[in-house]
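Student: I am new to this structure and would like to go through its charged residues. Could you show it to me?

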Amino acid sequence: MSKSILTGLGLVLACAAGGAAASSDDGASRLQPLSKEEFSAVMAEARRRYRREDPAGQPWEFLDREKLPRLLDMPEFAATFWTLKQPLIDQAGAWDYFRLESPSRAQAVWARILPEERINDPVREGQRSAESLHVYYADEKWGKEAGAQIAFLRCLPAAAWRVKHMEPLVWGMKNADWRAGAGLDFRQCVRKQREEVGGISETSPETARGLASAAIIEDRLSKFLLSNGCQRKGPDSCVHLLPALVELNPHHAQLPRILQKLEPYFFPRVQDTSLDEREAAFLQLVYLTAKVPALLDHPQAWPAGEMERLLAKTVALDLLLANPQGYNPFSPAGKRIVSPWMALAAMQPSPQAQPAALQQLGRESASSKGCLLSTEQMLELPAPLLLGYALGKLEREQTSCRALENVKGLSESYVQAATQQALAPLESLLAFIATPGPARDEVRQALGAKCGDSPANDLWNVCRQLAEEKAAFLAAERKQQEIEAAEEKSRLAREKQDLVERQVCSEQMIELAGDFLRKRRKRQLTEGVASACKAWPGKEPYTLGVFIYEGQKEEQKQMLVTLIDPAQGKVIASYWTLVEVDAVTRYVDGIKFDTARYFVQPGLRAFGIDVATYSPRSAEGGYGPMRTLYVREGAAIRPILSDMAVSSWRYLPGRAPWETGNSENPDREPATETFSYAIGIAGTRSNGYADLLITRSSDQPKVKATTQLLRYDGKHYPAPQQMD
């Protein structure tokens with residue numbers, strides 16, 4: 001028999017045997033110990049059995065049924081190493097010496113037998129998890145009584161044994177989960193007990209040992225609760241022992257007597273003064289959950305109208321605990337642990353609760369203003385009660401509080417009804433369909449949930465109306481989608497045009513230029529600081545690009561002018577140079593292409609690159625962008641006209657800020673004259689290239705335009721002369 005850590009622990013052990021009893025410090029009855037010689041002989045035999053030195057199945061030589069409980073009760077046995085205890089504990093299980101009595105007495109007995117496991121160690125204030133106990137499994141040799149004890153200790157949550165400073169169930173619900181992730185409920189855990197070491201799952205079958213254990217535990221729990229009520233704390237608390245009994249058998253014959261005995265503890269409030277209002281409300285729900293099956297099975301045990309009072313009280317308590325900073329009523333698997341609604345749903349159908357009566361209870365539960373029931377609670381309600389609640393809410397507040405959508409089988413009943421008589425149970429809903437409003441919308445949506453494409457029946461035209469509204473909605477939605485798609489297309493076109501106008505380079509252009517400079521030009525590529533791109537003005541689908549990189553010196557930058565074929569993904573023509581950085585030229589944020597029709601030869605079109613300049617207002621004048629014209633010659637690009645001003649400005653006579661009288665009048669705006677310079681193609685040629693006609697225009701209306709002719713000298717055009 002091996003030792004294992006089990007989830008959800010509890011021990012109910014008593015060694016039933018004869019012999020004289022002695023007093024003990026803990027108040028429990030102590031048995032007459034074995035003599036020193038008897039103890040030594042038994043332990044030596046246990047050592048041989050543990051080491052498998054004695055033949056298997058051989059009767060004990062020095063141990064019998066009278067000596068074993070006396071041995072287990074001895075401090076000398078408690079001090080023995082646990083492996084030597086194992087054969088003796090297994091023998092106690094086989095002789096059925098582990099009996100179910102008081103949980104706290106059992107815990108004390110096992111604390112004496114296995115002191116090294118510290119079974120009595122409680123959780124500390126502020127601790128959020130209960131440590132599991134180390135216990136034994138019941139193998140095939142153990143008796144039914146001992147097997148029941150093992151099932152009880154394995155299936156009762158660990159908090160029941162470890163929490164001593166407050167109500168264990170309240171502690172479990174406030175700190176995470178009462179079952180601490182055990183998964184199976186108490187009933188399944190007990191009834192699926194196995195005789196070999198191993199876990200139990202939802203799909204595990206019930207076993208003969210498990211069913212026998214369930215019968216024994218049920219009997220002992222009912223007797224314990226009838227005898228002790230709610231007078232004990234810790235492991236003996238009725239708050240978790242009552243739900244354990246009801247889980248084992250909600251139809252237990254003594255359940256009405258037990259509940260009537262326990263009710264004064266729970267109502268009008270729990271008598272434990274250490275509990276606050278919310279904790280007391282939570283424990284009252286525990287009691288009401290246990291009471292539902294007994295009330296339905298034995299209505300004569302309570303006054304008339306008791307079910308109505310129970311449900312009304314449940315609604316009030318649920319409302320009190322609705323704050324999310326309360327108690328967790330769910331296990332990690334999403335199963336509600338405490339819920340009268342769930343208990344009521346599990347008991348249906350019941351001859352004591354007909355649909356009409358349940359529907360009336362639901363209507364009465366809807367009398368309080370607001371949506372008291374949560375969606376989770378609605379999932380647990382029986383359909384007639386939930387339908388009555390929905391009707392009551394619709395009549396009072398024009399909302400079903402989402403109750404209708406949780407009425408099981410509602411829509412199926414509607415579409416399967418071939419006659420008006422078949423719809424009689426739903427006739428109360430018909431009144432809401434005729435009047436537009438939120439109530440009609442909720443009713444139609446609930447009834448039409450199962451309409452599908454071709455409902456079997458649609459006597460109230462709910463499916464047809466919903467289909468028409470859906471079609472209209474989808475048409476409007478498609479129209480809206482078309483409008484949004486057109487707007488998106490327009491937006492993308494505007495963005496694209498904006499990128500074109502701002503001559504933004506794509507990531508592809510930037511990467512191609514960088515790769516080219518590294519690999520083909522064998523130039524050291526440093527950080528890029530500016531770029532501009534524009535479509536090639538010719539018929540070919542090329543892209544012009546200019547890229548500025550940091551130079552090796554602080555006063556220099558690198559400039560790469562390219563013609564890129566995006567389809568081939570390569571640079572097909574280029575020009576690289578170092579440019580000087582000064583306080584005037586703006587390479588970083590002021591570079592742009594000019595692709596006017598500069599045909600310097602038939603079929604040879606030049607293009608310009610403008611570089612912005614900066615001139616402080618304190619200067620006498622300054623220039624705008626400086627333009628350089630380039631031509632492509634095969635794989636090369638070369639400049640043919642350099643640094644021609646596109647515009648310039650100067651102060652008008654007498655209007656400069658520093659001139660007499662202007663400094664005393666700071667609000668007077670200085671007046672300037674601005675000139676623009678245009679490049680035209682003349683009809684004459686020099687050295688094979690067309691002469692350029694530079695025209696200067698002023699923004700002052702009385703100043704006439706002037707022109708200047710630039711002739712190509714075989715390599716480039718000269719810079720224009722100042723035209724004053």
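Predicted model: local features only at pLDDT ≥ 70, side-chain atom pairs only at ≥ 80, totals over all residues.

Tutor: Residues are numbered from 1 along each chain as its sequence is written, and side-chain values use heavy atoms, with hydrogens and water left out.

Student: How many salt bridges does the count come to?

Tutor: A salt bridge is a side-chain nitrogen of Lys or Arg within 4 Å of a carboxyl oxygen of Asp or Glu. By this rule the count is 30 salt bridges.

Student: Which helices hold arginine 220 and glutamate 145?

Tutor: Arginine 220 forms a salt bridge with glutamate 145, and their closest N and O atoms are 2.4 Å apart. The pair links distant parts of the chain, 75 residues apart. Helices are DSSP runs of H or I with at least four residues, and strands are runs of E with at least two, numbered from the N terminus. Glutamate 145 is in helix H6 (residues 144-155) and arginine 220 is in helix H10 (residues 208-228).

Student: Is glutamate 145 buried or exposed?

Tutor: Buried means under 20% relative accessible area, exposed over 50%, and partly exposed in between (1.4 Å probe, protein chains only). Arginine 220, at 23%, counts as partly exposed. Glutamate 145 has a relative accessible area of 5%, so this residue is buried.

Student: Which residues are linked with Glu145 and Arg220 in a network of salt bridges?

Tutor: The pair of Arg220 and Glu145 has its closest N and O atoms 2.4 Å apart. The network that holds both also includes Arg99, Asp219 and Lys223.

Student: What separates arginine 309 and glutamate 306 along helix H14?

Tutor: These two form a salt bridge, with the closest N and O atoms 3.1 Å apart. Arginine 309 is partly exposed at 43%, whereas glutamate 306 is buried at 13%. They are three residues apart in helix H14 (residues 306-320), so the separation is about one helical turn.

Student: Which helix holds both glutamate 468 and arginine 464?

Tutor: Glutamate 468 forms a salt bridge with arginine 464, the closest N and O atoms lying 3.0 Å apart. Glutamate 468 is partly exposed at 45%, and arginine 464 is partly exposed at 40%. Four residues apart, about one turn, both lie in helix H22 (residues 462-501).

Student: Where is glutamate 555 found?

Tutor: Glutamate 555 has a relative accessible area of 40%, so this residue is partly exposed. Its place is the loop between strand S6 (543-550) and strand S7 (556-565).
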